[in-house]
Amino acid sequence: MQLDEHLKILGVNGALHEVVIACAEGVFDIAGVVHTGEVSGYAGTQNVFGENQLKLDVVSNDLLTAELQKVASVHMIASEELDNEQELHADGEFSVAFDPLDGSSLVDVNFAVGTIIAIYPKGSFIGKKASEIHVAVVAVYGPRTTLFVAVAGKGVHQYLLTSGGFELQKEKIQVDDEGKYFAPGNLRACAKNPQYQELVNYWLANQYTLRYSGGMVPDINHILVKGKGVFTYPGYSDEPHGKLRLLYECGTMSFLMVEAGGAASDGVMSLLDKPLEHLDQRSPIFVGSKKEVEKALEFFIMG
Ligand code: P6P
C-alpha cells in the first residue's frame, strides 16, 4: 500500500495530507542527491549553530523548502540550516520544522544519515512543545531509503522507498519496555560527568550491546526497528544542555518514540512537554524503551 492511501486510512486528510506528501516528496528529492554523491564539499557558510554547512546541507534544505513552498497550507517553516523561522503562506494552517540532513558530517564516510520533520499547528515555533506535533516524518538514507510517519494518537508506521513510491512496510511500530541495546552519545562527557561514567559501566556490566553510529536518526531507527534500546546524549560542564537541538532533533525524535510506546526525557522532564524558548535551543536527551530510560535517569537523578 502506498503512503498516500495509508495516510487516508490513518485519518490524515485534506491540508494535513498535502503537507505530509510534500515532506515525502522532499525526502525523495534529498535521497536522490545523497545517494548519487554528486554534491560534495563545503558551502562556505555557517548555520545558526556556527557549524560549517556542507553543500549537501544547503541543497537538502532548499529541496525540502521548495516542496513545502508549493503547499498553501504551510504557514511557517524553521530549518536547522536557516537563521530564522520564515512565513511561507499567511493563511496556512500548519508550521513545519526540520533538520533537512541530520548527520551530514557522516556522508563522507558513507554512514547512514537522515531527515527530521515535524508538522505543528500554525504560528511561531517559540513556546511550542513536541506534544503539539500533528505528524512527524523521519527519513533514513541508508542502503535503502525508509520513512517513519508518526501521527498523533495513531502510532508510528514505516515505509520503503521503491521505484513505485513509498510502500507501507510496517504498521504501528511498538518498542518493548526494556531491551539491551545502548546508543551512548557524547561519551566524552564521561571524563567530566561521573554519573554518565557509572551509567556506561552499568550497561557494560550488564552486557548491553553497543549500537552507536554518530547519526541520531539511524541510531534511533535501530531502537524502533529492533523494538528496544536506549539513546542518550547528556550534557556536561562544558555543554550543560548537550549538543542536540530541541526543535529540530530532540522534540521530533521524542514524539516518534513516545508514539511507538517509548519514553523521552531531558533528565528532568518529558521532552514532549518542554516549551521552546529559542530556535537554537539545545537539550540533553534520554530516549527509548521506557524502563531503559528510567534506569538511565536513576544514575543522573541520584548523582
Ligand atoms: P557526536 C550529528 O552531527 C548529530 O547532530 C546527531 O545526529 C548525532 O546523534 C550527534 O550529532 C552525534 O554527536 O558528539 O557523537 O559526534
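The exercises below concern a predicted model, in which local features need pLDDT of at least 70 and side-chain atom pairs count only at pLDDT 80 or more, while totals for chains, interfaces and linings use all residues. Residues are numbered from 1 along each chain as its sequence is written, and side-chain values use heavy atoms, with hydrogens and water left out.

**Exercise 1.** Determine how helix 5 and helix 6 are oriented to each other, and which residues meet.

Solution. Begin with the elements, which are DSSP runs numbered from the N terminus (helices are H or I with at least four residues, strands are E with at least two). Helix 5 covers residues 216-226, and its axis makes an angle of about 10 degrees with that of helix 6, at a separation of 11 Å; such axes are lines fitted to C-alpha atoms, for helices over the stretch in contact, and angles run from 0 to 180 degrees between N-to-C directions. Helix 5 and helix 6 are therefore roughly parallel to each other. Next, take contact to mean heavy atoms within 4.5 Å: Met 216, Val 217, Ile 220, Ile 223 and Leu 224 of helix 5 then meet Glu 249, Cys 250, Met 253, Leu 256 and Met 257 of helix 6. Sorted by class, this contact has nine nonpolar residues, no polar ones and one charged residue, where Ala, Val, Leu, Ile, Met, Phe, Trp, Tyr, Cys and Pro count as nonpolar, Asp, Glu, Lys and Arg as charged, and the others, Gly among them, as polar.

**Exercise 2.** Carry out the analysis for helix 2 and helix 3.

Solution. Among the residues making the contact are Val 19, Ala 22 and Cys 23 of helix 2, together with Leu 56, Val 59 and Ser 60 of helix 3. The classes in this contact are eleven nonpolar, two polar and three charged residues.

**Exercise 3.** Describe the eight-stranded sheet and the helices that pack on it.

Solution. The sheet is open and mixed, with the strand order 4-3-5-6-7-8-9-10, two strands being paired if DSSP finds at least two bridges between them. Strand 4 (86-87) and strand 10 (165-170) stand at the edges with a single partner strand each, so one side of each is left without a neighbour in the sheet. Within the sheet, strand 5 (residues 94-102) and strand 6 (residues 113-121) run antiparallel and are joined by seven bridges, and Phe 94 stands opposite Pro 121 in strand 6. Helix 2 (residues 14-36) packs on this sheet, its direction making about 15 degrees with that of strand 7 (135-141), and helix 6 (residues 246-259) also packs on the sheet, at about 80 degrees to the direction of strand 6.

**Exercise 4.** Describe the five-stranded sheet and locate helix 6 against it.

Solution. This open sheet has the order 12-11-13-15-14 with mixed pairing, and its edge strands, strand 12 (209-210) and strand 14 (263-265), each pair on one side only. Strand 14 and strand 15 (residues 285-288) run antiparallel and are joined by three bridges, with Ala 264 standing opposite Val 287 in strand 15. Helix 6 lies across strand 14 and strand 15, running at about 25 degrees to strand 15.

Key. Angles under 35 degrees count as roughly parallel, over 145 as roughly antiparallel, 65 to 115 as roughly perpendicular and the rest as oblique.
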